[in-house]
Amino acid sequence: MRMSLGVARANRSRKSQKLLSPGSRNARILAVAAQKGGVGKTTTAVSIASAWSRLHGLHVLVVDLDPQANVSISVRSQILANRGGGALSDVLENEKRLEVAEIAAETKVDGFHVTPMDPGLQHFEDRMVSRIGKELILRKALEVTRTHYDAIVIDCPPHIGGLTVNALVAADQVLVPTSLAALSVSGVTGLLEAADEVQSTLNPQLEVAGVLLTRVDGRSTRVNASVLDMLEDSFGALVLPQHIGVDNALARAQLAGEDIFEFAPSSRAAGWYGDLATQLADTLGLPGRVT
Ligand SMILES: Nc1ncnc2c1ncn2[C@@H]1O[C@H](COP(=O)(O)OP(=O)(O)OP(=O)(O)O)[C@@H](O)[C@H]1O
Ligand SMILES: [Mg+2]
């Protein structure tokens, strides 16, 4: 009896803290995840999110869940100001003290926001192991934030640890980029198995948006064809028809701290990612163009 009173009191005092009021949107959440490094996760997360803001007029938040903080680095020249400031790991650590939306940075693209870089996420991932309900932390932290956006894109670290599992539990869909290198391809199975496990336990509505082939080198047609056959044998219709080729404009854009639509809007990469964003908007059920 005493214990339940104590719990009630704790909840009451939490509720009395000032929280962000709910908005009128209901974001669909896409996690971009792969077990391997350097397969284009960050490039894909940033490019899709930017396309949804620029070309579809949507309010989009990129959650940089990778302690390497590559999202903020990738768009650093476009970041305007931190509204609330603060680290994502602090928001996750202290649950409802601040909302993720309150720490997000605005960019010069209307409606395109990113969470600030946070190397502290590494420490958070190590410490969260002992937390009760550790897989649900991000999902809860996005409950109000998702009412302020049409879409949230989560850029995951290159392994299946506590942070990636949190992203899978929070997401409506997961997109799995892979290059055609054998080692990258072998990581797809592990990620899809993790998604399957999360779907059958903590997040029954999780769907696979698809396996996205990145850095497809148009010159290696024989290698491409055999890896593609293998991928289609293993993953069938999960392999997306839209591929991302090799375009060094993407690497140069990242160096310049700009997304591809700012840096090289007429590049081949801008075309591929623009088309991909439109296809994924459809699969994810995002609202139609509003501008
Ligand atoms: N299609 C592409 N063509 C050419 N370069 C690319 C392409 N996609 C990504 N790159 C470059 O490859 C590098 C790795 O890409 P990115 O950072 O998106 O991968 P990642 O999977 O997020 O890596 P990490 O696992 O380290 O987070 C970057 O320098 C990026 O600019
Ligand atoms: Mg990355």
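Where is Ala-69 found? Ala-69 sits in the loop between β2 (60-64) and α3 (70-74), with helices (H or I, at least four residues) and strands (E, at least two) taken as DSSP runs and numbered from the N terminus. This is a predicted model, in which local features need pLDDT of at least 70, side-chain atom pairs count only at pLDDT 80 or more, and totals for chains, interfaces and linings use all residues. Residues are numbered from 1 along each chain as its sequence is written, while chains are lettered from A and ligands numbered from 1 in the order in which they are written.

On to the overall build. The protein chain has 13 helices and eight strands. Its C-alpha trace spans about 70 × 40 × 35 Å along the principal axes. The radius of gyration is 19 Å, which agrees with the value near 19 Å for a compact globule of 291 residues; it is taken over C-alpha atoms, and the globule rule is 2.2 Å times the number of residues to the power 0.38. Some 46% of the 291 residues count as buried, that is, with 20 or more other C-beta atoms, placed from the backbone, within 10 Å of their own.

Then there is the inside. Leaving aside residues up to four places away in sequence, Val-153 touches Leu-30, Val-32, Ala-45, Ile-48, Ala-49, Val-60 and Val-62; contact here takes C-beta atoms, placed from the backbone, within 7 Å.

As for ligand 1, 20 residues surround it, the closest being Gly-37, Lys-41, Thr-42, Thr-43 and Pro-158; a residue counts as near if its C-beta atom, placed from the backbone, lies within 6 Å. Two or more residues of this shell come from each of α2 (41-56) and α11 (248-256), and α11 gives the most, with four. The shell divides into six nonpolar, ten polar and four charged residues.

Back to the loops, where two backbone angles stand out. Phi of Ala-69 is near 60°, a positive value in a residue other than glycine, and Ala-69 is buried, with 20 other C-beta atoms within 10 Å. Arg-215, in the loop between β8 (207-213) and α10 (221-235), has a positive phi too, near 50°. Arg-215 is buried, with 20 other C-beta atoms within 10 Å.

Conventions:
Buried ≥ 20, exposed ≤ 12 C-beta atoms within 10 Å, placed from the backbone. Nonpolar A, V, L, I, M, F, W, Y, C, P; charged D, E, K, R; others polar. Contact = placed C-beta atoms within 7 Å.
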